[in-house]
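Biologist: I would like to learn how to read a sheet, the helices beside it and a pocket. Please take me through one model.

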Amino acid sequence: MSSSAYAQKLKLMNFSNEVLSAVEAVLFGGEAALASSQSAEVKAGDGFRSLVTGGDKASQSVILEFLSRRFPSARFLCEEETSHANAFLRSDPKGILDEPLVYVVDAIDSTVRYARDLGNWAVMIGVMRDGVIVGGALFAPTTNGGMLVV
């Protein structure tokens, strides 16, 4: 099912605009990951088991761009390093609980499985309002023809 078809079905449900946008963003992120390089490299400054791929970078870029257009003042906590103006430092997300709207982004969870083309990886986004988790979305595009959890 395409991302627009998922979005149309979800509009019939009673989710907030922030959560609906997270759903759309994980779908776009999953599509970007599927179209990107699975070649992995070790993250600078992290342990040898911490990998990043072109898919991680592409997915995160699409997600941040989409959510920033929708909510220009939203802040982001991302697993991957980013220079986005509204992103917290991964190492010190000071003030995260005081922000009105924060998206917590894992562009590809289980990068090792993604890099080895094993399936069972996902794109995930959590939504926080004023320090409280209010929802989230997980999209696993290679699981059972595409699995979405909201």
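Modeller: Start with the sheet. Strands of a sheet pair through backbone hydrogen bonds, either parallel or antiparallel. Here five strands form an open sheet with mixed pairing, in the order 3-4-5-6-7. At its edges are strand 3 (75-78) and strand 7 (147-149), each of which pairs on one side only. Strands (E, at least two residues) and helices (H or I, at least four) are DSSP runs numbered from the N terminus, and two strands pair if DSSP finds at least two bridges between them.

Biologist: What kind of model is this, and how are residues numbered?

Modeller: The model is predicted: local features need pLDDT of at least 70 and side-chain atom pairs count only at pLDDT 80 or more, while totals for chains, interfaces and linings use all residues. Residues are numbered from 1 along each chain as its sequence is written, and side-chain values use heavy atoms, leaving out hydrogens and water.

Biologist: In which sense do strand 5 and strand 6 pair?

Modeller: Strand 5 (residues 122-129) and strand 6 (residues 132-140) are antiparallel, with seven bridges. Arg129 has Val132 as its bridge partner, and Met128 stands opposite Ile133. The two strands form a hairpin with two residues between them, and Asp130 in the turn has a positive phi of about 50°.

Biologist: How many residues lie between the strands in the hairpin of strand 6 and strand 7?

Modeller: That hairpin has six, and its Asn144 takes a positive phi near 50°. Strand 6 and strand 7 pair in the antiparallel sense over three bridges, and Ala140 is partnered by Met147.

Biologist: Which strands does helix 2 touch?

Modeller: Contact means heavy atoms within 4.5 Å. Helix 2 (residues 17-34) packs on the sheet and touches strand 4 (101-109), strand 5, strand 6 and strand 7. Its direction makes about 155° with that of strand 5; axes are lines fitted to C-alpha atoms, for helices over the stretch in contact, and angles run from 0 to 180 degrees between N-to-C directions.

Biologist: How much space lies in the largest pocket?

Modeller: On a 1 Å grid over the protein atoms alone, a pocket is an open set of points where a 1.4 Å probe fits, with protein on both sides within 12 Å along at least five of seven lines; lining residues have an atom within 4 Å of a point. The largest pocket holds about 170 Å³, a volume being the space filled by probe spheres set on the points, which are joined across faces, edges and corners. Twelve residues line this pocket, and helix 3 gives the most, with four.
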